[in-house]
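Thanks for making time this morning. I would like to walk you through one structure, beginning with a single residue and then widening the view to the whole chain.

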Amino acid sequence: MTITRFETGKRMSRIVKHNGTAYLCGQVSDAATVADQTRDILAKIEDLLAKAGSDKTRILQCVIWLSDMADFAEMNAVWDAWVPEGHAPARACGEAKLARDVLKVEMIVTAACD
């Protein structure tokens, strides 16, 4: 079976496709607020899904890391407005120290693709 990698560097690929599934690397933003970071991240996810031959209705799973669980409601307000009715993926959300102090949200998506 073929493995296709998109936007590949020495350390990682932004998308890896295999057997009808697209795996996205973790998406982050350095915007000022949790809501703005979430919006930026979701826009990046939509762009990467399009490159992989998919879209947000085909997301299978999303793992979300917050630097502080106190931001859960703010992130969810943006998420809930974005996720299409009837297409909510399996999802997990936890708290973790992210790669840089400015980062408040990171999302990792797996989606069905063509």
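Predicted model: local features only at pLDDT ≥ 70, side-chain atom pairs only at ≥ 80, totals over all residues.

Let me start with Cys 62, which, once its neighbours within four places in sequence are left aside, is in contact with Trp 79, Pro 89, Ala 90, Arg 91, Ala 92, Met 107, Ile 108 and Val 109. Cys 62 sits in strand β4, which covers residues 59-66, and its relative accessible area is 0%, so it counts as buried, the limit being under 20%. Cys 62 and Leu 24 are 38 residues apart along the chain, and their C-alpha atoms are separated by 9.8 Å.

One of the partners of Cys 62 deserves a moment of its own, namely Trp 79. Not counting residues up to four places away in sequence, Trp 79 touches Thr 38, Leu 42, Cys 62, Ile 64, Pro 89, Arg 91 and Met 107.

Thr 21 belongs to strand β3, residues 21-24, and it counts as buried because its relative accessibility is 15%, where the limit is under 20%.

Now to the chain as a whole. The protein chain has 2 helices and 6 strands, and from the N terminus on the elements run β-β-β-α-β-α-β-β. Its radius of gyration is 14 Å, close to the 13 Å that the globule rule gives for 114 residues, so the chain is as compact as a globular protein of that length. Along the principal axes, the C-alpha atoms fill a box of roughly 45 × 35 × 20 Å.

Of the contacts with a separation of 6 or more, 69% are between residues 24 or more positions apart, and 39% of the 114 residues count as buried. As for the surface, the chain exposes about 6300 Å², of which carbon and sulfur atoms supply 52%. Finally, there are 14 positive and 16 negative side chains, and the centres of the two sets lie 8 Å apart.

Notes: Residues numbered from 1 in each chain as written. Heavy atoms only, no water. Helix = DSSP H or I, 4+ residues; strand = E, 2+ residues; numbered from the N terminus. Buried < 20%, exposed > 50% of the residue type's maximum accessible area, 1.4 Å probe, protein only. Contact = heavy atoms within 4.5 Å. Rg over C-alpha atoms; globule rule 2.2 N^0.38 Å. Areas by Shrake-Rupley, 256 points an atom, 1.4 Å probe, with all protein chains shown as cover. Lys, Arg positive; Asp, Glu negative; His and termini not counted. Charge placed at Lys NZ, Arg CZ, Asp CG, Glu CD.
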